[in-house]
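Here is a short note for a colleague who is new to this structure. Please read the points with the model open.

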Amino acid sequence: MAELDVVGLLTSPRNRMDGRPADGLKPYDGPEHRDSVRVRAHKGLVGDRYFGTRFTYAAVTIIAAESLEWLEGELGAGPFDPMLARRNVVTRGLDVDALARHEFTLDAGHGPVRFRSLTPANPCAWMNVVYADGAHKALRGHGGIRCEPLNDGELSLGPATITAVRALEPDELRRRVATAPTS
């Protein structure tokens, strides 16, 4: 069991990084940063634009705050707000990128929530806009992970634990992506 902190939670009903990065973020005047979020099995985070979409295996994104701190040093810029990466969950004290292609349980004090991560959350060109030139390229391999929640639960800001980390077998990875729901 590893201890960590959940330092950021984000849900947004709107894709604010739509179109060309040069055009800037789309406006949205509602709340996006949360103190807690409800998680629904195979659907995602309640209130998020990816909730219940056909790509359930990528419904929740997680990134380590340390990845953005590393980026500051790499680019000689910052400080960077980790929430600008637009990941749903920001942690501190966890090597998030190492969890790609794993199942794991995250408990933020409301009971365990099991996740399956099939793919990394690759950065996009928007990172150059919200952080600094070169962020898109530098964040490759440090952009976090995409996950599917496997049970209902709740996540909140504050101390958390991660347990039951299990690497997925190669044939399980192929089967899961190939059989992902399309509607």
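**Notes on the model**

1. Of the protein's 183 residues, 44% count as buried (under 20% relative accessible area; exposed is over 50%, partly exposed in between; 1.4 Å probe, protein chains only). This is a predicted model, where local features need pLDDT of at least 70, side-chain atom pairs count only at pLDDT 80 or more, and totals for chains, interfaces and linings use all residues. Residues are numbered from 1 along each chain as its sequence is written, and side-chain values use heavy atoms, without hydrogens and water.

2. The protein has 4 helices and 10 strands (DSSP runs: H or I, at least four residues; E, at least two; numbered from the N terminus). Along the sequence the pattern reads β-β-β-β-α-β-β-β-α-α-β-β-β-α.

3. Look at helix H1, residues 65-75. Its buried residues are Ala65, Ser67, Leu68, Leu71 and Glu72. They lie on the same side of H1, because they cover an arc of only 160° around the axis (taken from the directions from the helix axis to the C-beta atoms). They pack against E1, strand E4 (60-64), strand E5 (89-92) and helix H3 (135-138) (contact: heavy atoms within 4.5 Å). Glycine 76 follows H1 and has a positive phi, near 65°.

4. Now threonine 11. It sits in the loop between strand E1 (2-9) and strand E2 (36-40). Threonine 11 is buried, with a relative accessible area of 1%. Not counting residues up to four places away in sequence, threonine 11 touches Pro31, Glu32, Arg34, Val37, Leu45, Val46, Gly47 and Asp48.
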